[in-house]
Amino acid sequence: MTTPNHPRCDRLWRNARLATCVGEGLGLVEDGIVAACDGRITYAGPASGAPAFEADESIDCEGRWITPGLIDCHTHLVHAGDRAREFEMRLDGATYEEIARAGGGIRSTMAATRAASEAELVGSALRRLDALIAEGATTVEVKSGYGLTLDDELKMLRAARALGETRRVRVRTTFLGAHALPPEWAGDPDGYVDLVCDTMIPAVAGAGLADAVDAFCEGIGFTAAQTERVFAAATAQGLPVKLHAEQLSNLHGAALAARYGALSADHLEYLDSDGVAAMAVSGTVATLLPGAYYFVRETMLPPIAALREAGVPIALATDCNPGTSPLTSLLLVMNMGATLFRLTVTECVRGVTVNAARALGLQDEVGTLEAGKACDLAIWDVGHPSELVYRMGFNPLHARIWSGL
Ligand code: DI6
Ligand code: FE
């Protein structure tokens, strides 16, 4: 019977330690409980001072740590084929840009993706999604951008949506039509951008298949002026924008993204102080992708100290893609964030929870242990949250809870 002093809940996790990620730090709670009703958190905090819940099911966590379910806010999970052979060529000395200009790179994945059926795309992406889920991921962003025709981009986005219907995970989709110039548009990038803006974005928005629009603003991608046209078309359809910015050079994409109120600007190795300042003003999240930094053997570090000083929220993601980051581990991403970028444990954990939620515009829905949010939990067999960042290639996940179950 529910009374004000004995509120009912479906499930109660007790005898737990919590990293709520509420506030500035990790929001640590020693003797904590989490209560959920109808898939939502109704209480997360210290056991003392909590109401005496009447729970249908009460789970003894035996002192384990609970974090918010992990969020991968930048992936290209849906694609066909792999680029292991190109990896070998790079080991022999070829650069990413040389391979891209020789018709390899993104365009070779494009050809494989165009040739694949929607079911095949779902099938191959599920293997990667399952690897993320096995480490506690509960929300995953998935981009298009390897189809580069209207039909093939729609196919990719439908495959991405299907992932969220096949597994107990929240999927957010991003339209990345301006990822690479497809060969049939060689010599006419503005013509292709017209197609993206005038045909693809309205179609994708009309079909409800994208939650955001992204572009690759880079020498081997699209110029800032072309990117701005994509942003204008997205904004006209009411879709928020994000950007692959300053990964290999500084085209001032992050500042442009900030002007359009972008959810995030991603990569950012070549970001300058004007870009940092613009992001701080607009509240745009800096999504750092240490897997890509590592895999392409980049040596230019993103301006971490400046981002920190300016108070720009920092997220971390896998960038899971076949060319520059064939990575499906958010635990390793956290470790790389610490070892390669010298982020703190707090920054790493917040980077794959609360700040990753914000990079997807989901800050009211997920990313912290807080009443009202979806009950997405990762329960870990660790002695302290620092262990989540410290280990390499070891998975201490005890249980994953998605929407309360
Ligand atoms: N930046 C990246 O790191 C990926 N896309 C992008 O815009 C690379 C994608 C690929 O090489 O297939
Ligand atoms: Fe990417």
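Reader: Which helices each supply at least two residues of the lining of the largest pocket?
Author: Helix H13 (345-351) and helix H14 (354-359) do, and H13 gives the most, with four residues. Helices (H or I, at least four residues) and strands (E, at least two) are DSSP runs numbered from the N terminus. This is a predicted model, in which local features need pLDDT of at least 70, side-chain atom pairs count only at pLDDT 80 or more, and totals for chains, interfaces and linings use all residues. Residues are numbered from 1 along each chain as its sequence is written, chains are lettered from A and ligands numbered from 1 in the order in which they are written, and side-chain values use heavy atoms, leaving out hydrogens and water.

Reader: What makes a residue part of the lining of the largest pocket?
Author: A lining residue has an atom within 4 Å of a pocket point, on a 1 Å grid over the protein atoms alone; a pocket is an open set of points with protein on both sides within 12 Å along at least five of seven lines, while a cavity is a set where a 1.4 Å probe fits but cannot get out. For the largest pocket, 18 residues line it, and Glu24, Pro313, Ile314, Arg350 and Asn355 lie nearest its centre. Its volume is about 400 Å³, volume being the space filled by probe spheres set on the points, which are joined across faces, edges and corners.

Reader: How many cavities of 30 Å³ or more are there?
Author: Three. The largest cavity holds about 100 Å³ of space. Its lining has 14 residues, and Tyr96, Ile106, His179, Asn321 and Thr324 are the ones nearest its centre.

Reader: Now the metal: which residues coordinate the iron ion (ligand 2)?
Author: His74 (NE2), His76 (NE2), His244 (NE2) and Asp319 (OD) do, at 2.1 to 2.2 Å. Those distances pass the test, because donors are N, O and S atoms within 2.8 Å of the metal (3.2 Å for Na, K and Ca); water is not among the atoms, so a site may look incomplete. Along the chain, the donors follow the spacing H-x1-H-x167-H-x74-D. One pair links distant parts of the chain: histidine 76 is in the loop between strand E6 (70-72) and helix H1 (84-91), and histidine 244, 168 residues apart from it, is in strand E10 (residues 242-245).

Reader: Why do histidine 76 and histidine 244 count as buried?
Author: Buried means under 20% relative accessible area, exposed over 50%, and partly exposed in between (1.4 Å probe, protein chains only). Histidine 76 has 1% and histidine 244 has 3%, so both are buried.

Reader: Why does histidine 252 count as partly exposed?
Author: Its relative accessibility is 46%, so it lands in the in-between class. Histidine 252 lies in the loop between E10 and helix H8 (253-259), and has a positive phi of about 60 degrees although it is not a glycine. Histidine 267, in strand E11 (residues 264-267), also has a positive phi, near 90 degrees, but at 1% it is buried.

Reader: What makes up the largest nonpolar core?
Author: A nonpolar core joins buried Ala, Val, Leu, Ile, Met, Phe, Trp, Tyr and Cys residues through side-chain atoms within 4.5 Å. The largest has 98 residues, and Val78, Leu163, Phe175 and Leu268 have the most contacts inside it.

Reader: How do you know that leucine 163 is buried, and what does it touch?
Author: Its relative accessibility is 0%, so it is buried. Leucine 163 is in helix H5 (residues 150-166). Contact means heavy atoms within 4.5 Å, and, not counting residues up to four places away in sequence, leucine 163 touches residues including Leu77, Val78, Val122 and Val171.
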